[in-house]
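Biologist: I would like to learn how to read a model like this one. Could you walk me through a few features?

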Amino acid sequence: MAHWCLSWNWHKVYRVLGVFPVFFTLGLLGWSIEVFFATVLPAIRDRGPVHAWLWGPVLTGLWLLSVWSYGVCVMRDPGHTLVRRPTVSSHGGTDRTPYIRVRGSEVSPSPRRRRADSVGSNSSDDSDFGGRLTGEQLRQAELIQCITATDGGQPRYCQKCNAAKPDRAHHCSSCGVCVLRFDHHCPWLNSCVGHHTQKPFLLFLGYTSVYTTALGGLTLWYYMYRMVLEKMGDISIECLFMMCLTLAFAAALWGFTAFHCYLTLNNLTTFESYVSNKYRVPGAAKGVQPGDVNLFDLGWRRNLRQVFGPSRRLWFFPVSTSAGDGLRYPINIDAYNELQRTVD
Ligand SMILES: [Zn+2]
Ligand SMILES: [Zn+2]
């Protein structure tokens with residue numbers, strides 16, 4: 001195989017091809033609102049039983065919020081890890097302190113994590129960090145002081161990115177990077193759902209579910225009214241197609257919305273709902289997988305604030321309010337103590 005073929009960056013090819021589902025989604029959203037204003041709304045205004053003045057602003061508002069949330073999901077970086085190589089410092093020596101770079105911010109050797117919230121740092125037994133990782137890799141992993149571990153109890157490290165994996169981060173083979181609080185790679189977004197895009201993704205699901213239900217239901221009601229009460233059978237094919245499509249999308253989207261609401265209330269990602277985390281526990285020779293116990297579950301109220309932020313006024317807008325930097329997550333101290341007792 002030719003050298004250029006081997007060195008070809010397929011992730012960039014996927015990213016370029018991935019814009020087609022994005023344009024398709026935007027096209028569908030644009031087409032649906034166009035049919036609504038061109039066909040459904042005038043018909044309702046002329047002879048329908050519902051108030052056009054009410055449904056026009058309601059559907060327009062839902063559509064704008066849906067498109068806004070979708071745009072943020074596509075454009076915003078979900079958060080990823082990059083390793084910066086050792087550099088020559090200003091005093092002429094070599095600065096060998098590695099750090100993780102996340103969205104332009106740096107995590108240098110930091111104070112130990114606060115015990116009340118995160119007990120990953122209370123492990124003074126670093127014997128679990130032995131094994132196959134090199135010394136530099138171990139130092140990088142220790143900088144972010146994770147509570148999650150591999151099967152063998154080692155800190156998690158991505159050989160593809162050559163970077164330590166913070167808690168809940170996983171490598172996305174489509175994007176070619178480790179994504180913070182990795183949920184899943186979404187081809188409809190041409191991006192991952194991660195720490196910085198979890199909130200807009202949930203809002204997009206919610207707004208689009210309500211929008212498609214309202215639009216499909218309104219159109220269905222209008223046609224039933226005309227065909228049953230007015231005995232009129234002239235139906236616009238475009239309108240009928242739009243109605244069937246929006247109702248089908250609504251059914252699918254409500255399923256996704258309900259699933260992601262369940263995940264958010266339990267502080268789980270889609271990935272974690274299939275693959276349980278393993279945790280570092282002092283005294284345990286291997287990573288501990290405590291059944292279906294999730295150490296990141298802080299109770300549904302705090303779980304909601306993790307994703308949507310502290311200000312309820314901003315919960316319904318896809319602005320950046322999620323708690324934390326995506327590198328560290330508070331854990332349930334009671335669940336952790338219980339886990340430690342089972343190891344002891
Ligand atoms: Zn990676
Ligand atoms: Zn991805």
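Modeller: pLDDT is the predictor's confidence in each residue, from 0 to 100. Over residues 83–131 it stays under 50, yet the model has 83 contacts for this stretch beyond four places in sequence. Two residues are in contact if their C-beta atoms, placed from the backbone, lie within 7 Å. The model is predicted, with local features needing pLDDT of at least 70 and side-chain atom pairs counting only at 80 or more, while totals for chains, interfaces and linings use all residues. Residues are numbered from 1 along each chain as its sequence is written, and chains are lettered from A and ligands numbered from 1 in the order in which they are written.

Biologist: What average pLDDT does the protein chain have?

Modeller: The average is 79, and 76% of the residues score at least 70. Residues 1–7 fall below 50, with 1 contact beyond near neighbours in sequence.

Biologist: How should I read a core, and which residues have the most contacts inside the largest one?

Modeller: In soluble globular proteins, nonpolar side chains tend to be buried together. A residue is buried if 20 or more other C-beta atoms lie within 10 Å of its own, exposed if 12 or fewer, and partly exposed in between. A nonpolar core joins buried Ala, Val, Leu, Ile, Met, Phe, Trp, Tyr and Cys residues through C-beta atoms within 7 Å. Here the largest has 40 residues, and Cys73, Val179 and Phe204 have the most contacts inside it. Among the elements giving it two or more residues are helix H3 (19–47), strand S9 (177–179) and helix H6 (198–229). Its largest share, 10 residues, comes from H6. Apart from this core lies another of 13 residues, including Ile147 and Tyr329.

Biologist: How do I check a helix such as H7?

Modeller: Helices (H or I, at least four residues) and strands (E, at least two) are DSSP runs, numbered from the N terminus. The expected span is 1.5 Å times one less than the number of residues. The 29 residues of H7 should therefore span 42 Å, which agrees with its end C-alpha atoms being 42 Å apart. Buried residues of H7 include Met242, Thr246 and His260. Just after H7, Asn267 takes a positive phi of about 55 degrees.

Biologist: Is Val343 buried or partly exposed?

Modeller: Val343, in helix H10 (residues 333–343), is partly exposed because 13 other C-beta atoms lie within 10 Å. Gly283 is 60 residues away in sequence but 7.1 Å away in space, C-alpha to C-alpha. Beyond four places in sequence, the contacts of Val343 are Val281, Gly283, Ala284 and Val288.
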